[in-house]
Amino acid sequence: MINREEKKTDVIVVGAGPAGIACGITLARAGKEVVIIERGLFAGSKNVFGGAIYTHSVKELFPNFETEAPLERRTVEHNYAILGEKDATTISYKKDGNGSYSIIRAKFDRWMADEAKKAGAYLVEETVVRELIVENGKVIGVRTELEEYFADIVVLADGVNSLLARQIGLRKDIETKDVALSVKEVIKLDKDIINQRFNIKDDEGAIVEIFGGPMLGMLGLGFMYTNTDSVTIGLGVTLNELVKANYRPFELLEQLKNHPKIAPLIEGGTLKEYSAHMIPEGGYKKIPKLVSDGVMVVGDAAMLVNNLHWEGTNLALISGKLAGETAIEALDDKDFSKKSLSRYEKKLNQSFVMKDMKTYKDLFDVMHVRKKAFLDYYLRKVNAFFEMFTSADGVPKRENYWKFIKSIFTDRGIIELFKDVFAIIKLVWSILV
Amino acid sequence: MNIDKNLYTLKYSPDTESHLVPVKEDCKLCVSRCCTYICPAGVYEWNEEKQELIINYENCLECGACRVACEKQSLKWEYPKGTKGVTFKQG
């Protein structure tokens, strides 16, 4: 305890992911002393995500990133693929410059961390924070494997598992229904082959968002992203579904890769890297307490993920930035109390981050209850419709139409149909109002 | 499906001791033993003879799913030491 002052800094940030770095660089730019502690070999080395970052949010922190950062491809096309067991219906939206890039996390996060270092932040790598040091109910520092470090404010950017937020009771144990387990593969393919298969040019990228297929009936979604000379394919399924159904996540991914819609896109590629990660899916209702005396929680640790829109890194970046701004004010006021730091919560509430979390607060509840309808039956039915519509089998069209309409009532049943419609109306209402 | 060929693509720096420590008595009573199938790296295998988990902790991807899913909620799970564990070059 003698050298406490020597080892004291303004702010300690635990975790050098997007949220942690955003917080760190915001403080460093304001001339505050900030130490970012990262458990991996380098910033980004333990980080996994789907594949795209959103221009708007990254620009708020790195205005010149489009010319300076290591980017893969600029998204020009979003595809929504509804997979049956053997067939598929795809909706595709093409527009250049609609605001996202595919990136490789290990490269991009390292670049962001370097920018933070340039701004004056200290980055301590290969160091695990084992616990928070709490004195009189106030967080005053962190304990790593080797040392204790002290700070006026500690920011928890330690990811979805956030053992530290749990340690001080800011969050409860995560339930299996509130996280998705995601597995993904980065598959190496020639640039030209990617361009041909996805109908894009060298620097252009496509995203495929996948419903159904091996995940029919489960609360799970798949994704594909194009990188410069590789393609990312993965899926995330709510953990309780995997537990219940006795599924191995990588076997589901293998099935997805073998689906007739997907297989030709990755044919002939070689596996560059396999990875897995948990995604917070609990939504607004599962957001932990975000502040306490001397501490704030940001990014995945705060469960800030907008699962419908596949947004996570942008919420992480903005929450980190807002926590950084709050810390600057608190340092200037020399007030690190919960009350002072609760300005972070107010800022979040005023930003799109919490507004979007609120908008979809009921989404997952509805999906958990109605998944057999919306993530199984209707997905199959979309494909069945197009199967009927595109077939020329000598059956008069009117007969086909009536058969199709009748089938909805017979296999779904009138009560279930009412419940489905009611659920949709309720959900849309909760989103819009 | 064997997951090993996927794990070969990863860079690991394994520790000499496991960062994953189950409570053996709980494992014996566990009904689902879901860790043996949900783990994306196939870290856990059940040894019927010894009535205990075999833990290939050096293959761990550090996702934390086993901790959340553990039926007895008793798996002692922590991150590997700072210089150890998996390194993602793509992520």
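Author: Start with helix axes. Each axis is a line fitted to C-alpha atoms, for helices over the stretch in contact, and angles run from 0 to 180 degrees between N-to-C directions. Helices themselves are DSSP runs (H or I, at least four residues), strands are E runs of at least two, and numbering starts at the N terminus. One caution: this is a predicted model, where local features need pLDDT of at least 70, side-chain atom pairs count only at pLDDT 80 or more, and totals for chains, interfaces and linings use all residues. Residues are numbered from 1 along each chain as its sequence is written, and chains are lettered from A and ligands numbered from 1 in the order in which they are written.

Reader: At what angle do the axes of helix 10 and helix 12 of chain A cross?

Author: Roughly 140°. Helix 10 spans residues 313-333 of chain A, helix 12 spans residues 343-350, and their axes come within 9 Å. Angles under 35 degrees count as roughly parallel, over 145 as roughly antiparallel, 65 to 115 as roughly perpendicular and the rest as oblique. Helix 10 of chain A is therefore oblique to helix 12 of chain A.

Reader: Is the crossing of helix 10 and helix 12 of chain A left-handed or right-handed?

Author: Here is the rule. If the near helix is turned anticlockwise from the far one by less than a right angle, the crossing is left-handed; if clockwise, right-handed. Helix 10 of chain A passes helix 12 of chain A in a right-handed crossing.

Reader: Which residues of helix 10 and helix 12 of chain A meet?

Author: Contact means that C-beta atoms, placed from the backbone, lie within 7 Å. Helix 10 of chain A brings Ser319(A), Leu322(A), Ala323(A), Glu325(A), Thr326(A) and Glu329(A). Helix 12 of chain A answers with Arg343(A), Tyr344(A), Lys347(A) and Leu348(A). By class, this contact of helix 10 with helix 12 of chain A has 4 nonpolar, 2 polar and 4 charged residues. Nonpolar covers Ala, Val, Leu, Ile, Met, Phe, Trp, Tyr, Cys and Pro; charged covers Asp, Glu, Lys and Arg; the others, Gly among them, are polar.

Reader: How far apart are the axes of helix 1 and helix 10 of chain A?

Author: They are 7 Å apart, and the two helices pack at an angle of about 35°. Helix 1 is residues 18-29 of chain A. Its crossing with helix 10 of chain A is right-handed. Among the helix 1 residues of chain A in this contact are Pro18(A), Ile21(A) and Leu27(A). Among those of helix 10 of chain A are Ala316(A), Gly320(A) and Ile328(A). The contact of helix 1 with helix 10 of chain A has 11 nonpolar, 6 polar and 2 charged residues.

Reader: How do helix 14 and helix 16 of chain A pack?

Author: Helix 14 (residues 363-390) and helix 16 (residues 414-432) of chain A pack at about 160°, with axes 11 Å apart. They are therefore roughly antiparallel to each other. Helix 14 of chain A passes helix 16 of chain A in a left-handed crossing. Leu363(A), Val366(A), Arg370(A) and Ala373(A) of helix 14 touch Asp420(A), Ala423(A) and Leu427(A) of helix 16. The residues divide into 5 nonpolar, no polar and 2 charged.

Reader: Into which domains is chain A divided?

Author: Domain bounds come from an automatic or database domain assignment. Domain 1 of chain A is 8-51 + 103-172 + 288-359, domain 2 is 177-280 and domain 3 is 363-432. The C-alpha centres of domain 2 and domain 3 of chain A lie 26 Å apart. Between these two domains of chain A, 7 residues of domain 2 are in contact with 7 residues of domain 3. The domain 2 side has 4 nonpolar, 2 polar and 1 charged residues.

Reader: How many residues does the contact take from chain B and from chain A?

Author: 28 from chain B and 42 from chain A. Helix 1 (4-7), helix 3 (35-38) and helix 4 (65-69) of chain B each supply at least two residues of the chain B side. Helix 4 of chain B gives the most, with 3 residues. The chain B side divides into 16 nonpolar, 9 polar and 3 charged residues.
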